[in-house]
Amino acid sequence: MTGRIRTYIIIALLLLCQNIMAQNKTPTTDSPSQSDLGIFALPPFERAVRCIKYYEGWHDIKRNYPYIGWGHRILPYEKYRKNLTFQQADSLLRSDLRKLCALFRKYGRDTLLLAVLAYNVGPYKILGNGKYPKSRLLQKIEQGERNIRREYLEFCRYQRRKIASIHRRRQTELLLLYKP
């Protein structure tokens, strides 16, 4: 990657974070330093929800079936015939994210980061199953290594091609949720 492209990516990430922070500013009586933090003043789970909403976008049942709301995959026993309200979709997103957090709970401080990644790529690509081996990211976390940036950013491929927009998403997730 050339220096110019890397500079553009860093500028885009900074603008994205600034945009997210501007959307999340609410007047408070807290100290000015607290309100200046924007999205970083929110609890980590809220940051994860906002990040997912930003990158997933809205899924209409007619155009995006079997996905609905902010990326909820309709399960065989669920019957959705109409579009969801934003409140219903928010509730589904939070429920799905809590389930994924429970799945990755044994990974301690990386639970939320792994859950957000699994929300997008599926837990089987991280944990492994008959079709996929256990990810190098998870192997490093299990060994106690904290330098996982490269392995985390490898989850930006679609049909073996690196996708720039997914790479930006992974960088933002790391910025918002990773604690070295």
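This is a predicted model: local features need pLDDT of at least 70, side-chain atom pairs count only at pLDDT 80 or more; totals for chains, interfaces and linings use all residues.

User: Great. How many helices and strands does the chain have?
Analyst: The chain has 10 helices and four strands. Read along the sequence, the order is α-α-α-α-β-β-α-α-α-α-α-β-β-α.

User: And how much of the chain is buried?
Analyst: Buried residues account for 40% of the 180 residues. The accessible surface of the chain is about 11,400 Å², and carbon and sulfur atoms contribute 53% of that.

User: What share of the contacts joins residues at least 24 apart?
Analyst: That share is 44%, counted among contacts between residues at least 6 apart in sequence.

User: Let's zoom in on helix 5. What span should its 18 residues have, and what do the end C-alpha atoms give?
Analyst: Helix 5 covers residues 86-103, and at 1.5 Å a residue it should span 26 Å. Its end C-alpha atoms are 26 Å apart, so the two values agree.

User: Which residues of helix 5 are buried?
Analyst: They are A89, D90, L92, L93, R94, D96, L97, L100 and C101.

User: And what do those pack against?
Analyst: The buried residues of helix 5 pack against helix 3 (44-56), strand 2 (72-73) and helix 6 (111-121).

User: You listed C101 there. What is its relative accessibility?
Analyst: C101 comes out at 9%, and it counts as buried because that is under the 20% cut-off.

User: What about C51, buried or exposed?
Analyst: C51 is buried, with a relative accessible area of 1%.

User: How many disulfides are there?
Analyst: The count is zero, going by cysteine sulfur atoms within 2.5 Å of each other.

User: Where does P66 sit?
Analyst: P66 is in the loop between helix 4 (61-64) and strand 1 (67-68).

User: I also want to check phi. What is the value for Q159?
Analyst: Q159 has a positive phi of about 50 degrees, although it is not a glycine. R160 has a positive phi too, near 70 degrees, and R160 is also a residue other than glycine.

User: Where are those two?
Analyst: Q159 lies in the loop between strand 3 (157-158) and strand 4 (161-162), and R160 is found in the loop between strand 3 and strand 4 as well.

User: Are they buried or exposed?
Analyst: Q159 is exposed at 61% relative accessible area. R160 is exposed at 79%, and both count that way because exposed means over 50%.

User: Now side chains. What does T172 reach?
Analyst: The T172 side chain reaches the backbone oxygen of R168 at 2.9 Å. T172 belongs to helix 10, residues 164-177, and is buried with a relative accessible area of 0%.

User: And Q139, which backbone oxygen does its side chain approach?
Analyst: A polar atom of the Q139 side chain lies 3.4 Å from the backbone oxygen of K134. Q139 is part of helix 8 (residues 136-142), and at 35% relative accessibility Q139 counts as partly exposed.

User: Last one: how far is Q139 from I126?
Analyst: Their C-alpha atoms are separated by 9.5 Å, with the two residues 13 apart along the chain.

Key:
Residues are numbered from 1 along each chain as its sequence is written. Side-chain values use heavy atoms; hydrogens and water are left out. Buried means under 20% relative accessible area, exposed over 50%, partly exposed in between (1.4 Å probe, protein chains only). A polar contact is a pair of N or O atoms within 3.5 Å; within protein, one must be able to donate a hydrogen and the other to accept it, and residues adjacent in sequence count only if both atoms are side-chain atoms. The expected span of a helix is 1.5 Å times one less than its number of residues. Contact means heavy atoms within 4.5 Å. Accessible areas come from the Shrake-Rupley method with a 1.4 Å probe; for residues, only the protein chains shown count as cover.
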